[in-house]
Structure formats: C-alpha cells, structure tokens
Amino acid sequence: TPRIGILAVQGDVREHVAAFHELGVDTVPVRRPEEVGRIDALVVPGGESTVMDKLVRTFGLYEPLRERLEHGMPAYGSCAGMIMLADRVSDGAAGQQTLGGLDITVRRNAFGRQVDSFEAELDFVGLDEPVHAVFIRAPWVDQVGDGVEVLARVGEGPAAGKIVAVRQDGLLATSFHPEVGTDRRIHAEFVKIVSSRA
Ligand code: GLN
C-alpha cells in the first residue's frame, strides 16, 4: 500500500490522520527533510498558510518537497493546504511563498468577514451525493490553468460560482475541510488517485 505523508509542521494534522485511518490507510508524519524521500504522496493540512510556509522553510522541507512535487508526487491540500499547493496567491502576506504545483491562483481569506466561516452543500464531480463542506477563513480559486479540472463551486449566496475544489493530474485541493466531520469520500478519492499513480 502507498505511504501517505502528512505535512506535520502546523495545522489540523490529527484530523487528516484520523480520516485516513478510518479508511484503513496508514499515514506518516513529515517533519524532517529525510522523511520526504520515504513517502509516495503528501497531504498538506488546513491551518495557516503563512505560518506553514515559514516552518516548511525553517525545517529545510521546502526544497525536498518542491522537488518531489515537480517530479509528480501526488498531493492533497485542504484550505491552507490548497494555498500551499497553488502556484500563485492573491492577497498573500508579504513575502509569502508556496510549494506550488497546481496551476491556479488562489485568493486567501476570500470569503471575507461576513461569512468568515460557513457550511454548504456542494456538488462534487465524481461523487453521486453532495458534499457537506466546512469553510473556515477559506480561500477560493480565482483562476485555473488549462490542465486543471474544476471539481466543485459554491452553489448559492454572494460567492455563488466560486471555485472551491480542483484537480490537476495527481494534485487535489479543496478550499474546505473534509477532514472535519464524518464524510470520507474526498479522502477516498485521494487514495484512489494515489493508488492509480503508484
Ligand atoms: N486563512 C488560512 C490561510 O490563509 C487558511 C484557513 C484554514 O486552513 N482553515 O492559510
């Protein structure tokens, strides 16, 4: 079985570990550069992308992770993780960098103060039933490159139509947090992606 690493420098690492565990998939935490070579896929959790960015560089993880991503390692990012996997960030903090890989522009904290955090039912490409999505100071995707498939958009309200889930080859990202709650279909989708590319 593939070894899924969870980037464990900041954010909701435990929730992702538990989500994969429920699917019968073991994960390993990634905190040190030498651990990057031992994983087949990476999960970047939700949290705070500016802090994650700083810690990734402090711990010497930036170069090895970037290199693996450039060579096609599958990865899944939720919320701050989506920002970390994006090639471009609008409204990023000063000096904020990302690991990149996904040919998208994400807008950080896009939903604004009025709807800082909210939940919504989303149609999701490839899933029969809608996903109950939890958004917490979430980004949305402003722009996608040619190779990027849009998997979900906000259905209604002021942000209707905004892109909140994407896939590009082995890279998957959601603005929301499927690791929070009990629906494991998105984690299962990622396991499928990883297995099909192993
Ligand atoms: N607003 C956070 C950021 O900019 C993301 C929030 C989250 O992951 N729930 O990284």
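**Ground rules.** I number residues from 1 along each chain as its sequence is written. The model is predicted, so I take local features only at pLDDT of at least 70 and side-chain atom pairs only at pLDDT 80 or more, while totals for chains, interfaces and linings use all residues.

**Annotated site.** I looked up the UniProt "active site" annotation, from an unreviewed entry, and found C79, H177 and E179. They are spread over 101 residues of sequence, yet they cluster in space, with a largest C-alpha distance of 10.7 Å. I note that such annotations may be inferred rather than shown by experiment.

**C79.** I find C79 in the loop between β4 (75-78) and α5 (80-85). Helices here are DSSP runs of H or I with at least four residues, and strands are runs of E with at least two. C79 is buried because it has 29 C-beta neighbours inside 10 Å; the cut-off is 20 or more other C-beta atoms within 10 Å. I list its contacts (C-beta atoms within 7 Å). Leaving out residues up to four places away in sequence, they include H177, S175 and F176.

**E179.** I place E179 in the loop between β12 (171-174) and α6 (185-197). E179 is also buried, because 28 other C-beta atoms lie within 10 Å. Beyond four places in sequence, E179 touches D12, E15, H16, A19 and S78.

**β1 and β2.** I see β1 (residues 4-7) pair with β2 (residues 27-30) in the parallel sense, over four bridges. Pairing needs at least two DSSP bridges. I4 stands opposite T27 in β2.

Key: Buried ≥ 20, exposed ≤ 12 C-beta atoms within 10 Å, placed from the backbone. Contact = placed C-beta atoms within 7 Å.
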